[in-house]
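Subject: Structure for you to look at

Hello,

Here is the structure I said I would pass on. Please open it beside this email, and then read the notes below it.

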Amino acid sequence: MGGKNNSAKRKGKKSGKPQRDQAGAGSSAGNDFRRADFTGSQVLGHGTMNTYLQQYAPVPTALDALPPPPVGFTGREDDLAYILGVLDPDRTGEGPAVAVLSGWGGVGKTTLAYAAGHAAQKHGWFTGVLLVDLHGYDPQPAQAEEALEALLRSLGVPHEHLPPPGAGREALYRSQLNARQEKGQRLLVVADNASAIAQVQPLVPPGHHGMLVTSRHRLTGLGRMRTVNRLQPEDAIALLDAALKNNDPDDPRVGEDPAAAERLASACGYLPLALQITAALLAQDPGQPLSERADALGGTDGILDGLDDGERSLRTMFDQSLERLTPQEQDLFRLLALNPGPDISTPAAAVLVEQPQPATERLLARLAASHLIERTPAVRGRWQMHDLLRAYAHEQAAATMDRGRAPRRRYDQARDRLIHYYIQHAQAADTHLDPPGSPVSARFTDREQALEWFDAERENLMATAHTTPQAGLDLSFALGSYLQWRRHLQDNVVVNALALDACTKLKDNLNRAGVWSNLGFALQELRRFDDALHALETSRDLYQQTGNTNGEATAWNNLGTTLKDLRRFDDALHALETARNLHQQSGNTHGEASAWNNLGTALQELRRFDDALHAHQTSRNLHQQTGNTHREASAWNNLGTTLKDLRRFDDALHAHQTSRDLYQQTGDTHGEASAWNNLGNALQELRRFDDALHAHQTSRDLHQQTGDTNGEAVAWNNLGTAYRGLGRVDEAVVAGKQAAAMLAAERDWFRAGEAWGELATTLTAAGADTAQVREAWEQSAQAYTQAGADEEAAASREHANNTENVEAQVSTVMDLPEKDAAAESG
């Protein structure tokens, strides 16, 4: 019953191509009308509704009923495919062939509807197209009765036969369409610019006819919904180029300056209307470079002034959308401009408007239905706004505040409430990152929930830190542990620099030492060791002046690790011993355990391995006593490297496995990556190269996830040695070159020297020519010299001078398993 039937006047036909009446029986099944005679065709019905029906002489289809898409139509392939899937007469599934295209003003909904209509015509799916503009966002939108009248007149109903407004008019409209279906005709109704379901519902065609609706609102319940989004960057640039060339085919500006074209498309928000307006303004000034226009639009102040060509204005379109909202919705839209970050949660929005969350969520949902905001795709309960709409919201908020003292006070209070909300919640979440035994806030159930909140709000919190000096100071302390945990290291420097400036503005000497300490630690993590040294020495001196022993101990501890990174090991040892002693005096077990751990790493560098072993064991034991699993993982990790240096490889393997497992339990991906890397080193010493390869690959991938380029580079270097141990020297060379290049780019010259040395050894094992091996050793010597490691540099130069005897070196560096097995059996 569902198959195609070529018999005429089949009632209720719901699938298959539209059928011609008997006058057109001679037409080809493929609907190729290139030889059709349009002499008898006519346009029926005009009037105020801008409604058209193309009706034909013997054969034609409705090729001219829709205006053509504007020049440069591009980038809507997925949208077109979706719409055509709805309009296809042979589609599967139930429901009418109705597609509702929604999106904010200027995004190109009408253009897309026209393009879809033309594409459907090319398929031969429709014998006519009705087009009606409902003027949904004009001061006086068209009513459904007016639209029905115009459609009926276009369908050939004489004026004297039109029923009065009401059910009779809608019934006649449906009857007319049913009659055309019985004749094998299929019409497409395009209802453009609707603002309410009541405008459209009576116009939905019966039977197998199709319909396209465009609206700035989500009109649910009419048919299949499709949100029309902004263009992709490359499509936006193509539209700009085509629009410029439509005015002047020789306009070279996009091709001559693609970078400026990209900036201009971005400033237009990849919005088709904004791009068309910009192209018109550029056409009026053929000598204006795209970079100049992009600069003019680059700032948020007055950007909407630059998107007005005298005939079209983005601001006017936004005004129309805003005027359709209720006063409460308008007020919320303006207040959302006060949020400093890129998106907002429902609880934060409720703070802005001082309304309960359920009521606020309903208002937000209505704004989203109007496409003035949108739901954040990745996270439920969050809302975001396009940059151009944000600029418009800022204008609206500023205009409201300019009305007088009362509205300005109300908006200032709303902003203060929001800043206070962000600070309070950040401080509460930070308590869950404190050492075990510290009091925690009941706002969050556990550390995982606190971290999730931090992750969702990070950009808002960073933006809030810029709002007032007090906010910057408060958030520097509340965000430090989180930013370190998630490795947002540059953010940590920024927020502490803001806090330092705030201390000056607020004349807050009490917190200055703590800010310098936190800034120094953040700089150290970014490998800016000289800057970190200055910050930490300043912090130490300030703590000494105020008699804050615990703070001074923390500064000494961080100072010691920085001195170690600067390879000033004796100075580092003194700093860390001082930190340990001060923490012992003040009874800070957590701080003492941390100092012991760092002291152990300095002792390792001084090759005092037995002392280092004692230090790391002491740190581990203290962390176990206090229940600090995360810091215990770090102690186990460092303990493992010391055990490896003592050639206790099985014990080292156990230590690193324990460290890895504890890091996994605490959710510290960066720490886990380090443990995997050290675990791989222990496995290599045990000659388990396949397992080592897996460990180093895992470390590399985890470091990539956390954005730790230095850690990733070290993992690449160890990957190279594991490949070499397996005899896969070509892969070892690739890994070694990657490591050396990355470490040099990081300016980690000591490790770069190590990486070049390993690469030279691998090249020797691979049988590379003497020049390549010598070059690698010379690069190693140069890197060590940059690091101030004179002994290591001299050793690398000696290797470079001895590269002529390559064959003699091969026997010592290949280090293949079978050779070792033979030696052990001997």
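How many of the 8 residues of strand 5 (residues 187–194) are buried? The answer is 8 of 8, so strand 5 counts as mostly covered, where buried means under 20% relative accessible area. Please keep in mind that this is a predicted model.

Strand 5 and its partners

Strand 5 has pairings with two other strands. With strand 4 (residues 128–133), strand 5 pairs in the parallel sense, over 6 bridges. As background, strands of a sheet pair through backbone hydrogen bonds, and the pairing is either parallel or antiparallel.

An example of the antiparallel kind is an open sheet of 3 strands, in the order 8-10-9. Its edge strands are strand 8 (343–345) and strand 9 (374–375), each of which pairs on one side only. Strand 9 is joined to strand 10 (residues 382–384) by 2 bridges in the antiparallel sense. In that pairing, E374 has Q384 in strand 10 as its bridge partner.

The protein as a whole

The protein has 826 residues, and 52% of them count as buried. It contains 36 helices and 10 strands. Among the contacts with a separation of 6 or more, 64% are between residues 24 or more positions apart. The protein exposes about 37,000 Å², of which carbon and sulfur atoms supply 47%.

Aromatic rings

Searching the whole structure gives 8 aromatic pairs. One of them is F454 with Y482, a stacked pair with 4.6 Å centre to centre and 20 degrees between the planes. This pair links distant parts of the chain: F454 belongs to helix 17 (residues 447–465) and Y482 to helix 18 (residues 469–485), 28 residues apart. Both F454 and Y482 are buried. Elsewhere, W104, F318, F333 and Y392 are linked into a cluster by ring pairs.

Two arginines are also placed over rings. R226 lies over the face of Y82, 4.7 Å from the ring centre. R660 lies over the face of W676, and there the distance from the ring centre is 4.9 Å.

Cysteines

How many disulfides does a search of the whole structure find? It finds 0. Two cysteines are still worth a look for their surroundings. C268 has a relative accessible area of 0%, so it is buried. C503 counts as buried because its relative accessibility is 0%.

Is T706 buried or exposed? T706 lies in helix 29 (residues 689–706). Its relative accessibility is 17%, and the limit for buried is under 20%, so T706 counts as buried. Apart from its neighbours within four places in sequence, T706 is in contact with R487, T669 and H670.

Regards

Note on methods. Residues are numbered from 1 along each chain as its sequence is written. This is a predicted model: local features need pLDDT of at least 70, side-chain atom pairs count only at pLDDT 80 or more; totals for chains, interfaces and linings use all residues. Side-chain values use heavy atoms; hydrogens and water are left out. Helices (H or I, at least four residues) and strands (E, at least two) are DSSP runs, numbered from the N terminus. Buried means under 20% relative accessible area, exposed over 50%, partly exposed in between (1.4 Å probe, protein chains only). Contact means heavy atoms within 4.5 Å. Accessible areas come from the Shrake-Rupley method with a 1.4 Å probe; for residues, only the protein chains shown count as cover. Two strands pair if DSSP finds at least two bridges between them. Rings of Phe, Tyr and Trp (its six-membered ring) pair if their centres lie within 6.5 Å; planes under 30 degrees apart count as stacked, over 60 as edge-to-face and the rest as tilted. A charge sits over a ring if NZ of Lys or CZ of Arg is within 6 Å of the ring centre and within 35 degrees of the ring normal. A disulfide is a pair of cysteine sulfur atoms within 2.5 Å.
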